[in-house]
Amino acid sequence: MRKHLTIISFFTLLALLASPHLYAADTDSVETDSIPQEYAREYTEEHPLVYEDAFDIWPYAFNDDKGIAMGFNVELVDILLNQLGIPHVTKLKVRADVLKDIKDKRADLTLGMQAPFNEEYTIFGKQVVSLFTHSVVWPKGEQQPITTFEDIENHQVFVHYGSFSHYLIEKQGWGNSIRTFEDMESAVKKVGSEGKGQVLWNTAALKWLIRANHLNKLQIAPVTMPDGEYKFMSNDQLLLHKLDSLYSKLRNDGRVVTIRNKWFYPEKQNSGIPTWVWHILNILVVLAIFLTTIIFYVRYRENKANARSKQRNSRLALIMRASGTSIWLYDVVKQCFIWINNEGIPTHNYTLEQFTSRLDKESHDLVISSINDIVSKKSENISLDINTFAESDPTGGVHTYAITLSVVREKEGKPIVIMAVCNDITEKNKNLRETKERLILYRSIFNTAIVDMIYFDRDGYIVNMNERAQETLQMSLDETIRNRVSLRQIIDIPDFNYDTFDYYNVTRFINYNGVKNSIISRKLTKPIVYNLQIVPVRDKDGNLLCAYETGMEITETVDTYRNIQRGIRKEKEANKELIDYIDNINYVMEVGGVRIATYSPDTHILSINKSHNIVQHELTQTRVMSLTADISQKAVMRALNNMDNRSKTTIEAEVCTTLRAGGKPLYLLLRFVPTLDSEGNVISYFGMCRDISTIKATEAMLEKETVKAHEIETLKNSFLRNMSYEIRTPLSSVVGFSELFEQPHSPEDEVLFINEIKSSSTYLLDLINDILFLSRLDAHMIEYNVQPTDFALSFEGHCYVGWANQQKEGVEYIVENRFDKIIVNIDDTNIGRVIEQVIANATKHTDSGFVRARYDYVGDRLMIVIEDTGSGIAPDVLKHIYERFASGNNNGTGLGLPICKEIIEQMNGKIYIFTKEGKGTTVCIIIPCEAITIERKKIF
C-alpha cells in the first residue's frame with residue numbers, strides 16, 4: 001500500500017510541474033529608476049511617430065509587389081504602437097538611409113542589430129526581438145561547403161553588403177573570401193540558376209527567399225557563427241521602455257509566437273484551442289500513466305506465478321519437440337482420454353467413443369484390446385501401429401502412428417493411468433512407398449530408354465545394363481558380369497581416374513580398321529561417333545558408391561551437323577562479300593560527301609539515304625522549298641516540275657540551301673536519272689546528292705583573297721607614300737634650317753633655327769621608333785612578360801606619365817582607384833604603353849572639363865576606362881582611326897592608336913571607342929588576366 005501511495009504522489013507532482021502557470025513570467029516587473037518620465041517629443045496625428053526599416057530584409061521588413069510594407073517587424077511595431085495609442089507612419093528604405101534618419105532624428109523608431117557598427121546612430125532597447133542566426137545556401141547534390149565560422153576563410157561566399165555577416169567576416173580579416181551583394185534575392189537566384197556558389201546570410205531571410213522564389217534546386221543548413229540580436233532602436237528612451245514592456249507582455253501571452261510563426265514558420269499555425277483544455281489533457285495523461293503502471297504491476301505478479309507453472313512443463317515440452325512425439329493419457333478410473341499438447345499441458349478430455357471415433361475398425365479393436373490387457377495385468381508395455389484421421393482433416397488424410405503403451409499403478413497394483421507415447425510414422429511409410437515406386441519407375445525407364453544405360457559398382461565393373469547397351473556391346477548382362485567387364489574395357493579414356501572424377505562427358509570417334517582398344521571397336525564394321533556421360537554417386541564423406549553411364553551413337557547426328565555447318569560457312573562467306581561490297585560503297589559515299597537520293601512523282605517525296613539501306617531524310621516538296629535559299633528557288637522548282645512531268649532526260653541542279661555546315665552555307669549538287677518500267681514509263685528518279693560546300697567556300701574565299709590582295713597592295717602603297725611624306729617633312733625641315741646657318745642671318749634667329757631643328761628631330765625620332773616598334777608587332781617579335789603586378793600602384797603611375805607636361809588650366813585630371821591592392825598577372829610594360837598613349841591623346845584634345853581614368857576587375861578581366869570632355873572625333877575620322885598615318889596631327893605620328901590596338905589584340909584583349917563630336921571621347925580597354933590578391937578599399 002505504501003508503494004502505491006508513493007507512486008500516486010510522484011505522478012501528482014508531475015501533473016503540477018506540467019502546469020504552464022509555474023513558468024509564467026512577471027511581465028510587470030521592470031526597472032524604472034533610470035527611465036525618463038517624458039517623451040523626447042509628443043506624437044500626434046499631425047506629427048506622428050515615424051517608423052523606418054530596411055525594404056529588403058525578408059521576412060522582417062519588405063515591400064510586396066504593390067509596394068505595401070510587410071513583414072514581422074512591420075506587423076509587430078504596428079500592433080505595439082496601436083496598443084500604446086501612438087499615431088505612426090511606416091517607411092521602408094535602404095538600410096543606410098534608415099540609420100542616417102534615426103541619427104538625424106528624421107525617424108523615431110527602427111529595429112536593428114546591436115553591433116558596434118550601429119552603436120553610433122541611436123539607443124537600443126533591452127528586449128531581444130529576434131536573433132540573427134547564420135545559414136548557408138548551396139546547390140543540391142553537393143556537400144555542405146561551410147559548417148563552422150572558420151570554414152569561410154577557405155571558401156568564396158556571397159554576403160549582404162553591410163550586414164552582420166559581412167561585419168564578422170571583415171573583422172576576422174577574411175575579406176578576400178567574400179563577394180558582396182546589395183540585392184540578396186539576386187544572389188540566391190544566381191546560385192540557383194548557375195548551380196554553383198554559396199550564399200551566407202540570415203537563416204530566416206534565406207528560407208523566405210528559397211520558398212518565395214520556388215528554388216527547389218537549393219538546400220540550406222545552419223553555420224556555427226556568433227548570433228546577432230535585433231532590438232528596438234530609438235533616441236526616445238521612454239518610448240523604448242514602453243515598447244520593451246508591452247513586447248514582454250505580448251510574448252508571455254503567446255501573441256508574439258503567433259506573429260513569428262506567421263512570417264518565419266508559415267507551416268506552423270495556432271490551433272486556437274484554449275489553454276485550460278491543455279491543462280485538462282495533461283492531467284488525463286498523468287492519470288492514464290498512473291493507471292497503466294498499476295495494471296502492469298498486477299500483471300507482473302500474475303506472469304511471475306504463471307512462469308513457475310510453465311517451467312514445470314517446459315522440460316516435458318522440450319523432450320516432446322526434440323523427439324517429435326506426442327502423448328495422451330487414459331484415466332482408468334474416469335475412463336476418459338486426456339490429450340497433452342506440445343507445451344506439456346493437458347488440454348482436451350475425450351470419452352472412449354470420442355477418441356476411437358477417428359480410428360478405423362481394426363485400429364479401434366486393437367486399442368480397446370490393448371487397454372484391457374494392461375488393466376487385466378496381462379501386459380505392462382504394448383507397442384502397436386494404428387491408423388487415424390487427422391483432427392484437422394476428418395474426411396481424409398489417414399495418419400499412421402507407432403504407439404507404446406505403459407501403465408502407472410497404485411501400491412496395490414491397481415492401474416491408475418495408462419500413458420501412450422505416439423510417433424507419427426505416416427511420412428516414413430510414405431517415403432517407403434515412394435521409394436518402391438521410384439524403383440519400379442527406374443527399372444521401367446532403365447530397360448526402355450533409347451540410350452545405352454550401364455550401372456557400375458564402386459570398383460568400376462558392370463552390375464546392370466539395359467537391353468540397348470547389351471546390343472551395343474553385343475554381350476548379355478550375365479556374360480558381362482561373369483567376365484567382369486569394366487568401364488575401361490567399354491571405351492578407352494586416357495587420364496581418367498574412376499575414384500576421384502566428378503561428372504564426365506566425352507564424345508569419341510571410334511575406328512574399326514585394326515584398332516583393338518575397346519570392346520566396342522572390336523565389334524564395329526565401320527567408324528562411329530560415340531557420346532558417353534558418366535555420373536558418380538558418393539556418400540556424405542565423398543566416397544564413391546557407384547556410377548551410372550549413358551551412351552549413344554551420334555554418327556548420323558554429327559554428319560548432319562557438319563553438313564549444316566558447311567552450308568552456314570558458305571552462306572556467311574557470301575554475305576561477307578556482299579557486306580564488304582556495300583561497306584565500300586558506303587565508305588566512298590561518306591568520304592566523298594555523297595548521298596543516294598530518290599524521287600517519286602506519285603508521292604512527291606524526295607528521299608535521301610545515308611547509306612544503301614538507311615534513309616536519312618524524307619522531304620516533301622514544301623519542305624524542300626523551305627530548305628532552299630532564295631538564289632536557288634527557281635532552279636529547284638524547275639527540277640521538281642520536270643520530275644513531276646516524268647521527263648526522261650537527266651536532271652541536274654546546283655542548290656544553295658538555308659542550312660549551314662561549319663558556319664558556311666550548304667551547297668548541294670543534285671543529279672537524277674529516270675527509272676523506267678517494262679513499258680518505258682518513268683516510275684521514279686534515282687540520283688546522287690553531293691556536298692559541294694567546300695568547293696563553293698573555296699571559290700568564295702579565293703574571290704575575297706583576290707579583293708583583299710588588291711586592298712593590301714593599295715594600303716601598302718598608301719602607307720609607303722604617307723611614311724615617305726611623314727619622314728621627308730621633318731627631315732627637310734632639319735636640312736633647311738641647318739642650311740640657314742650658312743646664310744647671312746642675325747644672331748637672334750639662331751634660337752628659332754635651333755628650336756625648329758630640335759622639334760623636327762624629336763618628331764622624326766618618335767616616328768622612326770613607332771615604325772620600328774610597329775614592324776616588330778607585325779612580325780610578332782614582341783615578347784610579353786607576364787608576371788604578378790600590383791596594378792593599383794602601377795595604374796596611377798601610368799596615368800601621371802600620360803598627361804605629364806601636357807596639363808592645361810581649366811582641365812581636371814582624375815584617377816579613380818577602387819583598390820588598396822590588386823595583384824594580377826599582366827605585362828605591365830606594354831599595358832602601360834597603351835594607357836599612357838590613350839591618356840596622352842585625351843590630354844591633347846581636351847581644353848576644358850576633365851580627363852578621368854578608372855579601372856575595375858570583373859570576371860577574370862581587367863577593364864580600363866579613359867574618358868574626356870574634349871573635342872571628340874568626327875564620324876568620318878572615326879572610320880579610319882586605326883589606320884596608320886590616318887590621324888597624325890597635333891605633332892603626332894598617327895601610329896599611336898594602331899600600335900595600341902595591335903598590342904591589345906596580341907594580348908587577347910579588346911579596345912572600344914565611344915565618341916561624340918564636341919562632347920568628348922571614352923576609350924574602354926579589356927585585358928583578360930588572373931587576379932592573385934584583391935583588396936578593395938573599405939567604404940565604411
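How many bridges join strand 36 (residues 861-868) to strand 38? The answer is eight, and the two strands run antiparallel.

1. Basis of the note. This is a predicted model, in which local features need pLDDT of at least 70, side-chain atom pairs count only at pLDDT 80 or more, and totals for chains, interfaces and linings use all residues. Residues are numbered from 1 along each chain as its sequence is written, and side-chain values use heavy atoms, with hydrogens and water left out.

2. Helices (H or I, at least four residues) and strands (E, at least two) are DSSP runs, numbered from the N terminus. Strand 38 covers residues 920-928, and seven of its nine residues are buried (under 20% relative accessible area; exposed is over 50% and partly exposed in between, with a 1.4 Å probe and protein chains only).

3. The hairpin. Strand 37 and strand 38 form a hairpin with three residues between them. In the turn, Gly-918 has a positive phi of about 85 degrees.

4. The sheet. Two strands pair if DSSP finds at least two bridges between them. The five strands of this open sheet come in the order 33-35-36-38-37, and the pairing is mixed. Strand 33 (811-816) and strand 37 are the edge strands, each pairing on one side only. From one strand to the next, the twist averages 10 degrees.

5. Helices on the sheet. Contact means heavy atoms within 4.5 Å. Axes are lines fitted to C-alpha atoms, for helices over the stretch in contact, and angles run from 0 to 180 degrees between N-to-C directions. Helix 22 packs on the sheet and touches strand 33, strand 35 and strand 36; its direction makes about 165 degrees with that of strand 33. Helix 25 (residues 896-906) also packs on the sheet, touching strand 37 and strand 38, and its direction makes about 140 degrees with that of strand 37.

6. Aromatic pairs. Rings of Phe, Tyr and Trp (its six-membered ring) pair if their centres lie within 6.5 Å; planes under 30 degrees apart count as stacked, over 60 as edge-to-face and the rest as tilted. By this rule there are 22 aromatic pairs. One of them, Phe-132 with Tyr-230, is tilted, at 6.2 Å centre to centre and 50 degrees between the planes. Phe-132 is in strand 8 (residues 130-132) and Tyr-230 in strand 14 (residues 228-234), 98 residues apart. Phe-132 counts as buried because its relative accessibility is 3%, and Tyr-230 is buried at 8%. The rings of Phe-791 and Tyr-855 have centres 5.1 Å apart and planes at 85 degrees, so this pair is edge-to-face. Phe-791 lies in helix 22 (residues 791-803) and Tyr-855 in strand 35 (residues 849-858), so the pair ties together parts 64 residues apart in sequence.

7. Charges over rings. A charge sits over a ring if NZ of Lys or CZ of Arg is within 6 Å of the ring centre and within 35 degrees of the ring normal. The charged end of Arg-484 sits over the ring of Tyr-461, 3.9 Å from its centre. For Lys-901 over the ring of Tyr-882, the distance is 5.5 Å.
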